[in-house]
Amino acid sequence: FKKYAEKNYEEQLLKIMGLMLVVLFPFAVIVPYILPRIISNPDYYQASGMIPVIIAAYFFYFLSQLAANILVYLKKIRPMLINIIISGVANIVLNYILVRKYGIMGAAYAYLISNMIWAALNMYHRNKYLRILKNG
């Protein structure tokens, strides 16, 4: 926030996203193969297939949090609240639809899609307010 207070609105969002991908991608690829070897109970093996989807969902969760920084700084509570409500309702509706069709994987996909929606909405508002700030 110190940077914003100094009227420095340049962000390294792409660099941070790339770093997040470098950190999260290996986990998404490696963990589903390692986890069944560590867990001795075969009942949990199906859950290892959910890990890449959940890791991807966390990527979008982190992205939405980064994008919301400017909204928090500017105290733009209304757009943040609207974004949370839209993505929350999307999560409930998607869970209702996808869990019936795909079971537990449907819940993981619903989480991923709702986080993608949340990140997209936060990015939209982030870009809108940064454009206003940069133009004076």
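Mentor: We will go from the whole chain down to single residues.

Mentor: This is a predicted model, in which local features need pLDDT of at least 70, side-chain atom pairs count only at pLDDT 80 or more, and totals for chains, interfaces and linings use all residues. Residues are numbered from 1 along each chain as its sequence is written, and side-chain values use heavy atoms, with hydrogens and water left out.

Trainee: How many helices and strands are there in the chain?

Mentor: Start with the general idea. Helices (H or I, at least four residues) and strands (E, at least two) are DSSP runs, numbered from the N terminus. This chain has six helices and zero strands. Its pattern along the sequence reads α-α-α-α-α-α.

Trainee: Is the chain compact or spread out?

Mentor: The globule rule to set beside it is 2.2 Å times the number of residues to the power 0.38. Here the radius is 18 Å, while the rule gives 14 Å for 136 residues, so the chain is more spread out than a compact globule. The C-alpha trace spans about 60 × 30 × 15 Å along its principal axes.

Trainee: What does the surface of the chain come to?

Mentor: Accessible areas come from the Shrake-Rupley method with a 1.4 Å probe; for residues, only the protein chains shown count as cover. The accessible surface of this chain is about 8900 Å², and 68% of that belongs to carbon and sulfur atoms.

Trainee: Which residues are in contact with Ser114?

Mentor: Contact means heavy atoms within 4.5 Å. Ser114 is in helix α6. At 4% relative accessibility, Ser114 is buried. Neighbours within four places in sequence aside, Ser114 is in contact with Ser87, Asn91 and Leu94.

Mentor: Now take Leu66, in helix α4. Leu66 is partly exposed, at 22% relative accessibility. Leu66 touches Leu13, Ile16 and Met20, not counting residues up to four places away in sequence. Leu66 and Arg126 are 60 residues apart in sequence, but their C-alpha atoms are 9.4 Å apart in space.

Trainee: And what does Ile86 contact?

Mentor: Ile86 sits in helix α5. Ile86 is partly exposed, at 39%. Leaving aside neighbours within four places in sequence, its contacts are Ile117 and Leu121. For the whole chain, take the contacts with a separation of 6 or more: residues 24 or more positions apart account for 74% of them.

Trainee: How many aromatic pairs does the structure hold?

Mentor: Look at ring centres and planes. Rings of Phe, Tyr and Trp (its six-membered ring) pair if their centres lie within 6.5 Å; planes under 30 degrees apart count as stacked, over 60 as edge-to-face and the rest as tilted. The structure holds six such pairs. In one of them, Tyr58 and Phe62 have ring centres 6.2 Å apart and planes at 40°, so the pair is tilted. These two are four residues apart in helix α4 (residues 51-73), so about one helical turn separates them. Tyr58 is partly exposed at 39%, and Phe62 is partly exposed at 38%.

Mentor: Next, Tyr61 and Trp118 have ring centres 5.7 Å apart and planes at 55°, so this pair is tilted. Tyr61 lies in helix α4 and Trp118 in helix α6 (residues 104-134), so the pair ties together parts that are 57 residues apart in sequence. Tyr61 is partly exposed at 29%, whereas Trp118 is buried at 14%.

Trainee: Which residues form the aromatic cluster?

Mentor: Tyr58, Tyr61, Phe62, Tyr111 and Trp118 form one cluster.

Trainee: Where is Lys75, and what is its phi?

Mentor: Most residues other than glycine have a negative phi. Lys75 has a positive phi, near 60°. Lys75 is in the loop between α4 and α5. At 68% relative accessible area, Lys75 is exposed.

Definitions and conventions
Buried means under 20% relative accessible area, exposed over 50%, partly exposed in between (1.4 Å probe, protein chains only).
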